[in-house]
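Please look through the sequence and the model shown below before reading on. The briefing that follows goes from the chain as a whole to single residues, grouped by topic.

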Amino acid sequence: MKKDGFVSMTLVYTFLILFLFLMLAVLSAYAQQNKFIGAINEKIDLTITTPNKYDYCTYSGGQEWTFDYTGNVQTFIAECTGYYQIELWGAQGGRGNGINIGGKGAYTSGEIKLEKGTQLHVYVGQSPTVSTTNCNLTDNTLNETINNAAFNGNMVGSCSGGGGATDVRLESGQWSYPKSLRSRIMVAAGGGGAYYSGTGYTGGDAGGIIGYSGVGGSNPGLGGYQTTTSYGMGATDTSAGGGGYYGGSGGASSNGGGGSSYISGHKGCIASASEMTTTPRLDSTGETICSEPTTDIVCSYHYSDLVFRNTKMIDGKGKTWTTTAGNVVNMPTHDGTGIMTGNTGNGYAKITFISE
């Protein structure tokens with residue numbers, strides 16, 4: 001074979017070998033690509049057919065969570081984004097003898113949208129069960145330290161304590177901690193304590209926007225308002241006011257007043273401007289501080305922007321409230337099977353899932 005022919009054949013074989021290696025490389029890359037795409041498709045199919053258990057709601061409409069009085073904060077965590085109905089009953093005021101009764105607790109209700117993972121802290125009010133007979137307590141100690149007082153109530157009465165409010169908060173901690181109190185988005189007030197004797201004398205019933213004054217004695221305690229209360233107890237105060245958004249004042253040789261209730265989104269209520277202050281928020285104009293009385297619903301909106309719809313507020317006398325007290329409609333019993341004029345005994349709370 002001639003030299004030129006040998007060189008030509010060598011080049012041809014070299015190119016053929018290189019071409020074969022190139023084709024093998026292309027085929028291998030194509031196979032790897034198909035394998036990668038297949039893995040992705042398998043992952044997608046797996047995600048669609050077997051979703052993460054937290055990606056869908058396990059609650060069914062009408063599911064309930066109930067909260068009795070325990071003397072401690074109780075926490076609810078929403079595992080589903082959706083609408084929830086919250087119902088609260090305030091506690092009845094204590095009594096100092098076997099004749100007169102403490103004011104009855106209020107009822108509040110509303111529907112609110114909660115995002116998954118939202119934590120609500122529930123404080124259920126206590127109705128005092130023990131009264132002192134010496135009527136000489138003058139230390140004004142917070143009410144969880146003396147047996148005639150109530151959890152989530154007001155300052156102690158020297159003879160009879162007021163009923164504790166029942167509320168829902170965004171901040172936990174001791175019930176009387178200011179930042180925790182300002183985080184309340186709904187409050188059902190407690191009734192005033194009753195010690196002063198006499199026919200028909202009672203502690204003031206828990207209120208809607210405003211609490212009722214105590215009945216009996218020369219200087220009965222006044223009901224709480226949306227922006228004011230009286231926490232101090234003097235040496236002659238025989239009965240404490242009920243707990244509330246703002247508590248009722250104590251009665252000096254008289255019976256205590258009932259607390260006020262609050263719902264974010266209920267016309268007539270007044271919210272704080274922020275978690276750091278009790279100063280009322282601005283109204284719908286954005287220029288004027290809300291004051292009592294008000295018909296501006298924006299004044300009620302909590303600083304968290306959590307606002308209830310379809311709100312109800314019923315006082316301890318069974319009267320419904322808008323910006324003022326209306327007709328007697330009575331409130332539902334705790335189990336929802338009947339009605340009652342006002343809540344007696346300890347407070348109660350219920351959360352019901354409505355829908356996504």
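## The chain as a whole

Of the 356 residues of the chain in this predicted model, 46% count as buried. The secondary structure comes to two helices and 19 strands, and the accessible surface of the chain is about 17100 Å², with 56% of that area belonging to carbon and sulfur atoms. When contacts are taken between residues at least 6 apart in sequence, 67% of them join residues that are at least 24 apart.

- Because R309 belongs to strand β14 (residues 309–314) and E111 to strand β4 (residues 107–114), the pair ties together parts of the chain that are 198 residues apart in sequence.
- K317 forms a salt bridge with D205, where the closest N and O atoms are 3.1 Å apart. This pair links distant parts of the chain, 112 residues apart, since K317 is placed in the loop between β14 and β15 (319–321) and D205 in the loop between β7 (184–188) and β8 (217–219).
- Here K317 is partly exposed, with a relative accessible area of 35%, while D205 is buried, with a relative accessible area of 13%.
- The side chains of D167 and R169 also meet in a salt bridge, with a distance of 2.7 Å from N to O, and both of these residues are buried.

## Cavities

- How many cavities of 30 Å³ or more does the structure hold? There are two of them.
- The largest cavity has a volume of about 50 Å³, and the residues that line it are L181, R182, R184, Y245, Y262, A271, S272, H302 and Y303. Sorted by class, this lining has five nonpolar, two polar and two charged residues.
- The second largest cavity has a volume of about 30 Å³, and its lining is made up of Q226, T227, Y245, Y246, I270, A271, S272, T278 and P280. Sorted by class, this second lining has five nonpolar, four polar and no charged residues.
- Y245, A271 and S272 are among the residues named in both linings.

## Residues with particular backbone geometry

- Which two residues are joined by a cis peptide bond with an omega of about -10°? They are E292 and P293, and P293 is placed in the loop between β13 (277–280) and β14.
- N152, which is a residue other than glycine, has a positive phi near 65°. This residue is found in the loop between β5 and β6, and at 3% relative accessibility N152 counts as buried.
- S253 has a positive phi of about 50° although it is not a glycine. This residue is found in strand β10 (residues 251–254), and at 33% relative accessibility S253 counts as partly exposed.

- P128 and G94 are 34 residues apart along the chain, and their C-alpha atoms are separated by 4.8 Å.
- Is D335, by its relative accessibility, buried or exposed? At 54% relative accessibility D335 counts as exposed, because a residue is called exposed when its relative accessible area is over 50%.
- D335 has its place in the loop between β17 (331–332) and β18 (339–340). The C-alpha atoms of D335 and K350 are separated by 9.2 Å, and the two residues are 15 residues apart along the chain.

Technical notes. Residues are numbered from 1 along each chain as its sequence is written. This is a predicted model: local features need pLDDT of at least 70, side-chain atom pairs count only at pLDDT 80 or more; totals for chains, interfaces and linings use all residues. Side-chain values use heavy atoms; hydrogens and water are left out. Helices (H or I, at least four residues) and strands (E, at least two) are DSSP runs, numbered from the N terminus. A salt bridge is a side-chain nitrogen of Lys or Arg within 4 Å of a carboxyl oxygen of Asp or Glu. Buried means under 20% relative accessible area, exposed over 50%, partly exposed in between (1.4 Å probe, protein chains only). On a 1 Å grid over the protein atoms alone, a cavity is a set of points where a 1.4 Å probe fits but cannot get out, and a pocket is an open set with protein on both sides within 12 Å along at least five of seven lines; lining residues have an atom within 4 Å of a point. Grid points are joined across faces, edges and corners, and a volume is the space filled by probe spheres set on the points. Ala, Val, Leu, Ile, Met, Phe, Trp, Tyr, Cys and Pro count as nonpolar, Asp, Glu, Lys and Arg as charged, and the others, Gly among them, as polar. Contact means heavy atoms within 4.5 Å. Accessible areas come from the Shrake-Rupley method with a 1.4 Å probe; for residues, only the protein chains shown count as cover.
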